[in-house]
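Hi,

Here is the model we talked about, handed over to you.

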Amino acid sequence: VLKDNTNQVYKINAAAVTAVGGTTLDLDLVPGETVQGRIGFDVPAKAAELTLAVSADKCGAGRILVRLR
């Protein structure tokens with residue numbers, strides 16, 4: 001999920017994923033493995049301080065938070 005500075009949550013949007021030529025990130029990774037891809041969200045232009053939260057439960061990390069610019 002994607003959150004802004006007001007804690008508004010934005011879920012991956014299928015139309016936005018298609019628009020950027022991406023795919024969903026529904027896959028399993030082993031520790032140390034990497035993945036690249038494109039995902040899309042429908043986010044208002046005024047949204048600020050966006051943070052992407054990725055579940056990492058299978059490797060015991062809980063969630064990985066990525067601040068976006």
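First, the ground rules. This is a predicted model, so to speak with limits: local features need pLDDT of at least 70, side-chain atom pairs count only at pLDDT 80 or more, and totals for chains, interfaces and linings use all residues. Residues are numbered from 1 along each chain as its sequence is written, and side-chain values use heavy atoms, with hydrogens and water left out.

Strand E4 covers residues 62-67 (helices, H or I, of at least four residues and strands, E, of at least two are DSSP runs, numbered from the N terminus). None of its six residues is buried, so E4 lies largely in the open (buried is under 20% relative accessible area, exposed over 50%, partly exposed in between, with a 1.4 Å probe and protein chains only). E4 runs antiparallel to E3, joined by six bridges (pairing takes at least two DSSP bridges between two strands). Across that pairing, serine 55 stands opposite arginine 63.

How many salt bridges does the whole structure have? The search finds one (a side-chain nitrogen of Lys or Arg within 4 Å of a carboxyl oxygen of Asp or Glu). Arginine 67 and glutamate 49 form a salt bridge at 3.8 Å, N to O. The pair links distant parts of the chain, 18 residues apart: arginine 67 is in E4, and glutamate 49 is in the loop between helix H1 (14-19) and strand E3 (51-56). Both residues are exposed.

Valine 66, also in E4, counts as partly exposed because its relative accessibility is 35%.

Cheers
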